[in-house]
Amino acid sequence: MDPCALLGPQDRSTAGVNVLGVAKEINGARACDWTVPATFGVTITVDERNGLKDLEVARKTATKTKVGGRDALKVADKKAADGTCAVLLGMGEKASVQIDVSNTNFTDTPLACERAMTVAGLAEPKLP
């Protein structure tokens with residue numbers, strides 16, 4: 001699965017992303033990075049080895065949620081208030097997709113989570 005294909009042109013427009021994604025690798029997993037200058041960045045990572053249960057997530061920062069009927073975790077450290085948020089989507093027992101959003105000014109964690117949930121909602125229907 002190509003993580004860059006998870007946000008098509010219409011999806012990028014909906015999410016406020018006006019740039020093309022750049023493919024990269026993070027810890028052996030395929031990823032795609034979109035950076036909106038002076039605003040925020042989004043990275044989608046496809047982990048084909050670890051399901052939601054296998055991921056090392058600090059429980060105090062994770063909230064169980066659903067995205068399109070799929071189990072998910074929203075991860076944000078409200079105390080750090082660093083303008084970052086991640087949404088992790090389960091893809092069967094042994095795979096997951098992680099959507100990370102970082103606001104350029106490293107403030108407004110709720111906005112970062114709103115953006116991450118928007119991107120998760122756009123990507124989720126394309127997942128197996």
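The model is predicted, so local features need pLDDT of at least 70 and side-chain atom pairs count only at pLDDT 80 or more, while totals for chains, interfaces and linings use all residues. Residues are numbered from 1 along each chain as its sequence is written, and side-chain values use heavy atoms, with hydrogens and water left out.

**The nonpolar core**

Select Val42, Ile44, Leu89, Val97 and Ile99, the residues with the most contacts inside the largest nonpolar core, which has 30 residues. A nonpolar core is a set of buried Ala, Val, Leu, Ile, Met, Phe, Trp, Tyr and Cys residues joined through side-chain atoms within 4.5 Å. Here buried means under 20% relative accessible area, exposed means over 50%, and partly exposed lies in between (1.4 Å probe, protein chains only). Next, colour strand 2 (29-36), strand 3, strand 6, strand 7 and helix 2 (109-123), the elements that give two or more residues to this core. Helix 2 supplies the largest share of the core, 7 residues. Helices (H or I, at least four residues) and strands (E, at least two) are DSSP runs, numbered from the N terminus.

**A charge over a ring**

Display phenylalanine 40 together with arginine 115, which lies over the face of the ring at 4.1 Å from its centre. The term requires NZ of Lys or CZ of Arg within 6 Å of the ring centre and within 35 degrees of the ring normal.

**The largest pocket**

Select Asn27, Thr45, Asp47, Leu55 and Gln98; of the 16 residues that line the largest pocket, these are the closest to its centre. The space in this pocket is about 320 Å³. On a 1 Å grid over the protein atoms alone, a pocket is an open set of points where a 1.4 Å probe fits, with protein on both sides within 12 Å along at least five of seven lines; lining residues have an atom within 4 Å of a point. A volume is the space filled by probe spheres set on the points, which are joined across faces, edges and corners.

Strand 3 (40-47), strand 6 (84-90) and strand 7 (96-103) each give two or more residues to the lining of the largest pocket. Its largest share, 4 residues, comes from strand 7. The lining divides into 8 nonpolar, 4 polar and 4 charged residues. Ala, Val, Leu, Ile, Met, Phe, Trp, Tyr, Cys and Pro count as nonpolar, Asp, Glu, Lys and Arg as charged, and the others, Gly among them, as polar.

**The second largest pocket**

The second largest pocket holds about 270 Å³ of space. Select Leu52, Lys53, Asp71, Ala72 and Gly90, the closest to its centre of the 13 residues that line it. Strand 4 (62-67) and strand 5 (70-75) each give two or more residues to this lining, and strand 5 gives the most, with 4 residues. The lining comprises 3 nonpolar, 4 polar and 6 charged residues.

**Single residues**

Return to asparagine 27, in the loop between strand 1 (22-26) and strand 2. Its phi is near 50°, a positive value in a residue other than glycine. Asparagine 27 is exposed, because its relative accessible area is 74%.

Move to alanine 38, in the loop between strand 2 and strand 3. Its phi is near 60°, also positive in a residue other than glycine. Alanine 38 counts as exposed, because its relative accessibility is 73%.

Finish at arginine 12, in helix 1 (residues 9-15). Arginine 12 counts as buried, because its relative accessibility is 14%.
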